[in-house]
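This briefing concerns the structure shown below.

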Amino acid sequence: MGQEFPLVEAVLSVRGLTLRFAGVVAVDGLSFTLQAGELLGIIGPNGAGKTSVLNCINGFYHPQSGRITFMGHDITHMPPHRRASLGIARTFQNIALYPHMTVLANILSGRLIHMRRPLLQCGLYWGLAEREVLSHRKRVEEIIDFLEIEAYRDHRVAELPYGIQKKVELGRALAMEPRLLLLDEPMAGMTVEEKLDMARYILELREVRGLPMILIEHDMGVVMDLCDRLIAMDYGRKIAEGPPQEIQSHPDVIRAYLGEEHGLAEEVASGR
Amino acid sequence: MSAQVLIQEPAPAIAASLAALDTFPKRLVHNAERFGERVAFREKEFGIWQEITWREYLEHVQACAGGLLALGMRRGEVIVLIGDNRPELYYVAMGAQAIGGISCGMYQDTLAEQLAELIDFADARFVFCEDQEQVDKILAQEERLPKVERIIVEDWRGMWRYRHPKLLSFRDLEAMGRDLLRREPDRFLSEVAKGRGDDVAIFCLTSGTTSLPKLAMLSHRNLLAQGENFLAVEPHISPQDEFVSFLPFAWIGEQMISYTLHQIVGFTVNFPEEPETVQRDFREIGPHFMFAPARIYEGIHSAVTVRMLDAGWIRRRIYEAAMRIAGRVVDLEAAGQPVPWWLRLLWKVAYWTFYRPLLDKVGLVRMRVAWNGGASLGPDYFRFFRGLGLNLKQIYGQTEIAGISCVHRDGQVRFWTMGSPIANTEIRVTEEGEIISRSPSVFLGYYKNPEATARALRDGWLYSGDTGALDPSGDVILFDRTDDMLTLADGSRVPPRVVEDMLKFTPYIAQAMVLGEGRPYLAAILNIDFHNVGKWAEDRGIPYTSYMDLSQRPEVLDLLERLVRETNARLQPGWRVRAFVSLYKEFHPDDDELTRTRKLRRRHILNRYRDLVEAIYAGAERFQATVTVRYEDGREATLHPVMEIRRLRDP
């Protein structure tokens with residue numbers, strides 16, 4: 001998609017991103033762009049720096065050099081919460097929900113950045129505050145409907161199976177009404193059926209809402225099927241970039257995986 | 001728009017026809033005037049119960065009727081509807097009937113091939129699907145469905161890439177209908193006025209336990225007469241009542257209550273949010289009456305007993321004591337004997353402290369009456385629920401007589417009978433012992449199946465294929481399907497259902513099929529209840545991996561043996577089960593082993609497990625089956641589970 005409209009300004013652009021931890025170079029001079037409505041996949045062996053890239057984009061880590069621009073704003077040095085209000089949302093590799101709160105409350109917490117009324121007024125639940133709360137609840141219910149988790153609405157997150165928790169986490173990210181969604185292994189540890197569901201949601205977000213997304217995922221079948229474009233990373237560097245079919249047969253990508261483990265290389269080659 | 005249609009003075013001929021109230025659409029027009037802003041439907045959406053008034057119901061029906069006219073639907077044509085219970089299903093069914101069409105509900109879980117076969121057989125040009133799941137089945141079978149012209153879809157979710165020319169969204173259907181009615185404002189009422197009571201209203205799939213399903217044709221008159229005649233013996237149902245619609249739209253029971261009685265009485269029908277939320281939504285509404293097949297009551301009973309088995313020692317003792325009191329009272333009442341004052345007092349105390357909170361937990365606390373229909377419910381379940389103070393009653397009837405011909409009367413609930421005939425209904429037993437019935441609700445025949453029709457309909461009597469008797473009070477006693485009665489080698493006859501119901505009365509046995517036709521003794525194929533036996537095994541530290549594994553654990557077989565022994569002790573010697581196996585899989589409708597309403601399809605089961613049955617009666621110790629399994633990624637594998645055949649001698 002991106003290639004077809006080279007003149008359209010990118011949603012996100014990363015230039016020369018470098019992140020070091022006391023001598024270890026996690027990300028090494030990485031540059032890429034993400035176009036409107038695009039689903040970009042980042043693949044690479046464990047420790048290649050994939051999650052670090054996402055952490056730089058949403059402000060958990062501060063890169064030593066490089067520049068990140070999002071929708072025309074330079075966000076390289078912006079604190080995470082400001083980036084969130086600009087519309088960058090993410091899910092985490094290890095679920096980071098509030099385990100003792102209900103599904104509803106967890107997703108509602110994604111609406112916090114959109115709350116406008118002062119605290120006292122909300123506490124009194126009166127007038128404009130009441131109307132605002134109701135509108136947030138409505139958005140949350142639409143998300144619950146979208147993710148088909150009505151049956152779990154009032155369950156505490158800690159009691160729920162892993163696959164459902166993953167859905168709730170996606171729900172919370174969506175509640176922020178993001179303009180960019182970062183998905184860090186959204187299907188890890190899921191059953192085949194749950195993966196199919198999750199793939200359906202991701203596709204619908206792209207097709208119907210045109211939401212740009214960056215996806216990190218180890219299931220090669222999923223990545224190859226879903227993504228418009230892939231970036232392959234190894235030792236913090238970008239070793240290849242292009243449409244899935246090209247990446248699949250790229251000699252450097254195969255080598256990077258071969259260096260680590262045989263099975264994966266076959267997986268990449270066969271697209272499974 | 002609808003207001004216009006209603007306010008307009010219809011021509012006298014039309015007004016006279018509408019006043020006859022002999023079709024469902026005429027009833028709806030009448031109800032929209034009579035009830036107006038009262039709530040007809042409530043649907044849970046976005047976590048909130050959304051209300052739909054009678055006026056809105058009519059507006060949607062008008063739009064759907066107009067839309068179907070615009071699509072070219074003609075009088076006497078069929079529309080097939082598939083989906084979970086939602087108001088839209090009712091709008092489309094009623095809309096089709098308003099223009100003289102016939103609605104035909106199909107079970108949501110029907111496999112694609114079967115579904116295609118049925119739709120093609122019904123000659124439907126139009127199909128209404130609730131969502132992508134159903135649409136996919138139809139599109140996958142497209143070449144087998146040359147007659148289908150339009151597929152109307154309620155929920156377009158996940159279908160953003162679907163560009164198939166036959167697909168049409170429900171919203172577009174309604175928009176087309178509103179357009180048409182704007183151009184021809186008199187059209188709706190004049191179409192409704194053309195309807196006659198003897199027009200076919202629905203095709204209803206009969207749960208043929210023996211052969212391919214048949215489509216029973218029922219007229220508006222059949223169904224409305226059924227509603228009136230049932231109401232005559234259950235007059236307490238009022239417009240203020242609440243009902244929860246959660247059983248398949250295709251089932252005659254649902255057609256009877258949430259379609260027919262709804263129009264006659266005007267209570268509120270509530271639709272749960274999703275199939276997974278039924279229990280919770282049911283409890284939130286706390287309905288005043290329900291009509292459900294046996295498996296629903298069996299499910300509630302097993303949920304309660306399992307929790308009690310799980311409870312601490314003291315609570316278990318209290319439960320047992322409370323159930324003993326309940327059982328004593330019910331037994332005395334059923335036998336028609338007086339209940340001593342002190343026992344009645346004990347029961348009252350137990351009701352307020354124990355039964356009532358229990359009923360509240362499962363949403364039954366407001367329930368005035370619960371009817372069991374479809375397959376009959378074992379007497380043990382009746383004792384259980386009635387003991388708790390739930391007015392559980394049996395309904396007997398066939399799809400071919402619009403669902404209901406007999407019901408228990410209050411104060412005369414004898415568990416072993418099916419109750420007595422409802423108003424304007426006659427029941428007789430032929431010399432061969434077959435139950436036959438006659439009423440204004442006896443159906444018009446099976447669609448395109450004159451042979452089956454000739455077998456079922458003779459001189460206005462409906463031949464049920466059930467073997468039974470009339471007891472002196474006039475109550476109908478059902479033994480079993482005539483075809484299912486077992487004749488043992490010594491010539492004695494055994495109704496297998498009676499034995500199976502007793503076997504299933506534990507939370508650990510989900511299904512039981514009793515064998516013995518032409519054999520010297522009875523044997524049983526049992527299905528363990530995976531959830532409950534799994535829990536039982538976990539509590540005892542018995543490891544297992546799958547249903548197949550758990551079903552063959554020696555400890556589980558010991559448990560089953562004990563349960564079969566207990567059942568045998570309550571049966572006369574000729575009816576005792578002498579051998580059983582625990583099947584490595586559950587019976588399933590997708591394998592043709594059960595009907596969609598979860599009744600055993602005995603012939604299919606006997607055929608499928610022929611070798612197993614032979615092994616049981618040949619006196620084998622164990623039997624090795626061959627099973628082909630298809631994994632989700634398409635690979636196939638062959639397994640050889642070994643089943644132990646347990647034999648029991650007299651205690």
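The domain assignment divides chain A of this predicted model into domain 1, covering 1-87 + 179-272, and domain 2, covering 97-177. Nine residues from domain 1 of chain A and eight residues from domain 2 of chain A take part in the contact.

**Domains and make-up of chain A**

- On the side of domain 1 of chain A that touches domain 2 of chain A, the elements giving two or more residues are α2 (80-86) and α7 of chain A.
- That side of domain 1 of chain A consists of five nonpolar, three polar and one charged residues.
- Chain A contains 11 helices and 10 strands.
- Of the 272 residues in chain A, 38% are buried.
- Among contacts in chain A between residues at least 6 apart in sequence, 66% link residues at least 24 apart.

**Contact between chains A and B**

- In the contact between the chains, 12 residues of chain A meet nine residues of chain B.
- Two or more residues on the side of chain A that touches chain B are given by each of α5 (128-147) and α7 (192-209) of chain A.
- The largest share of this side comes from α7(A), with five residues.
- By class, the side of chain A that touches chain B has three nonpolar, no polar and nine charged residues.

**Nonpolar cores**

- The largest nonpolar core comprises 180 residues, and the residues with the most contacts inside it are Val80(B), Cys104(B) and Ala524(B).
- Helix α4 (residues 54-70) of chain B supplies the largest share of this core, nine residues.
- Leaving aside residues up to four places away in sequence, Val80(B) touches Cys104(B), Met106(B), Ile119(B), Ala122(B), Ala124(B) and Val127(B).
- A second, separate core has 70 residues, including Val11(A), Ala48(A), Ile57(A) and Ala173(A).
- In soluble globular proteins, nonpolar side chains tend to be buried together.

**Helix α10 of chain B**

- The buried residues in α10(B) are His220(B), Asn222(B), Leu223(B), Leu224(B), Ala225(B), Gln226(B), Gly227(B), Asn229(B) and Phe230(B).
- The elements that cover these buried residues of α10(B) include α3 (24-35), β8 (200-206), β9 (214-219) and α11 (252-265) of chain B.

Technical notes. Residues are numbered from 1 along each chain as its sequence is written. Chains are lettered from A and ligands numbered from 1 in the order in which they are written. This is a predicted model: local features need pLDDT of at least 70, side-chain atom pairs count only at pLDDT 80 or more; totals for chains, interfaces and linings use all residues. Two residues are in contact if their C-beta atoms, placed from the backbone, lie within 7 Å. Helices (H or I, at least four residues) and strands (E, at least two) are DSSP runs, numbered from the N terminus. Ala, Val, Leu, Ile, Met, Phe, Trp, Tyr, Cys and Pro count as nonpolar, Asp, Glu, Lys and Arg as charged, and the others, Gly among them, as polar. A residue is buried if 20 or more other C-beta atoms lie within 10 Å of its own, exposed if 12 or fewer, and partly exposed in between; C-beta atoms are placed from the backbone. Domain bounds come from an automatic or database domain assignment. A nonpolar core is a set of buried Ala, Val, Leu, Ile, Met, Phe, Trp, Tyr and Cys residues joined through C-beta atoms within 7 Å.
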